[in-house]
Amino acid sequence: MKVSVVSRSGRDIIKGGIELNDKATVSDLQEAIHRRTKKYYPSRQRLTLPLQPGSKGKAVVLDPKKTLRDYCDGTNDNLTVVFKDLGPQVSYSTLFFFEYLGPLVIYPIFYYFPVYRYLGYKEERTIHPVQTYAIYYWCFHYFKRIMETFFVHRFSHATSPVSNVFRNCFYYWSFGAYVAYYVNHPLYTPVSDLQMKIGFGLGLLCQVSNFYCHLLLRSLRSPDGKGGYQIPRGFLFNFVTCANYTTEIYQWLGFNIATQTVAGYVFLVVAASIMTNWALGKHRRLVKLFNGKDGKPKYPWRWAILPPFI
Ligand SMILES: NC(=O)c1ccc[n+]([C@@H]2O[C@H](COP(=O)([O-])OP(=O)(O)OC[C@H]3O[C@@H](n4cnc5c(N)ncnc54)[C@H](OP(=O)(O)O)[C@@H]3O)[C@@H](O)[C@H]2O)c1
């Protein structure tokens, strides 16, 4: 079978096309493209079927596990695929590791080092117990996230564009510094002992619940990340599609009740809006996927993220 690999403008990406045997899969084609052009490793390639002229629909993305025959008309021995370079990629675990490493390292700098003296605050800094508990809480949170990245999550996508590393690191590292600056500030005023206990108590309960939600999500896929998307069930997932985001938001609320800074609440609002947006998308995807047709179950009624509102 001869496969022509072209760009969206119709230019040949591989001169003369590629000859593959009849049983070749899309993954074999990706390997063949990689052999011919070293920089295009498989996760960098997006292969689609050409759109008919004038068609406004979305192009069919080729599934690496399917055979090329699955995409051919009848006995046709020629196939044209459209190639898009997704740019340099990094593994999801690398992306998450660098995102979370920043806050884990930056926050303690404000607690342990004389940062404020360099910034012009001459008075002796008194460290309040809440500031000490806050650093333990913060570091535990990001350490947990790194451990979950390597040992719990089963990602469906192997890689992400390198540009996301810079974007996501900017988000996590700058918010880490922003919150750390105010919580550890020499002029920081602590809340009452009772408020601190309520805040950290709620936060820790939600961190443990968040971990349990991640274990439930993990059980939906096989160890190699296969299994697609399933209906999450059990614990808070019986009421909320993205119970992991719900517990994540409430654990930041707990941190903010205990530490009470404007910076912390700004982070909470931004994080909650990002997660709400994602949760609505994930909820819609599951409702569409589990529509009760073709032997599939119907998606049960659930809130997307924040009961009883959303
Ligand atoms: N503070 C913040 O700004 C913020 C923002 C985002 C996340 N977080 C935290 O980081 C955690 C991980 O974030 P995330 O966005 O990667 O979470 P996620 O997408 O909701 O889920 C984590 C893992 O479970 C898989 N999964 C989710 N729904 C599934 C389903 N229905 N069937 C099978 N597998 C499913 C995901 O697969 P895929 O690989 O296919 O997605 C992913 O590997 C969150 O739970 C939260 O605690 C914090």
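Helix H8 supplies the largest share of the shell around the ligand, 5 residues; helices here are DSSP runs (H or I, at least four residues), numbered from the N terminus. The model is predicted, so local features need pLDDT of at least 70 and side-chain atom pairs count only at pLDDT 80 or more, while totals for chains, interfaces and linings use all residues. Residues are numbered from 1 along each chain as its sequence is written, and side-chain values use heavy atoms, with hydrogens and water left out.

The shell holds 27 residues, each with a heavy atom within 4 Å of the ligand. Ser156, His214, Tyr229, Tyr245 and Glu248 come nearest. By class, the shell divides into 15 nonpolar, 7 polar and 5 charged residues (Ala, Val, Leu, Ile, Met, Phe, Trp, Tyr, Cys and Pro count as nonpolar, Asp, Glu, Lys and Arg as charged, and the others, Gly among them, as polar).

A polar side-chain atom of Ser156 lies 2.4 Å from a ligand oxygen, and a polar side-chain atom of Asn210 lies 3.2 Å from a ligand oxygen. Arg154 takes part through a backbone N or O atom, at 3.2 Å from an oxygen atom of the ligand. The ligand taken alone exposes 870 Å², of which the protein buries 92% (Shrake-Rupley method, 1.4 Å probe). Two or more shell residues come from each of helix H2 (92-112), helix H5 (162-183), H6, helix H7 (243-259) and helix H8 (262-289).

Helix H6 (residues 193-218) also packs with helix H4 (residues 129-151), at an angle of about 0 degrees and with the axes 12 Å apart; axes are lines fitted to C-alpha atoms over the stretch in contact, and angles run from 0 to 180 degrees between N-to-C directions. H4 is therefore roughly parallel to H6 (angles under 35 degrees). Their contact, meaning heavy atoms within 4.5 Å, includes Tyr137 and Phe140 of H4 and Leu204 and Asn210 of H6. It has 10 nonpolar, 5 polar and 3 charged residues.

Two backbone features remain. Phe235, in the loop between H6 and H7, has a positive phi of about 50 degrees. Pro307 and Pro308 are joined by a cis peptide bond.

Note on methods
Parallel < 35°, antiparallel > 145°, perpendicular 65-115°, else oblique. Polar contact = N/O pair within 3.5 Å; in protein donor to acceptor, adjacent residues only side chain to side chain.
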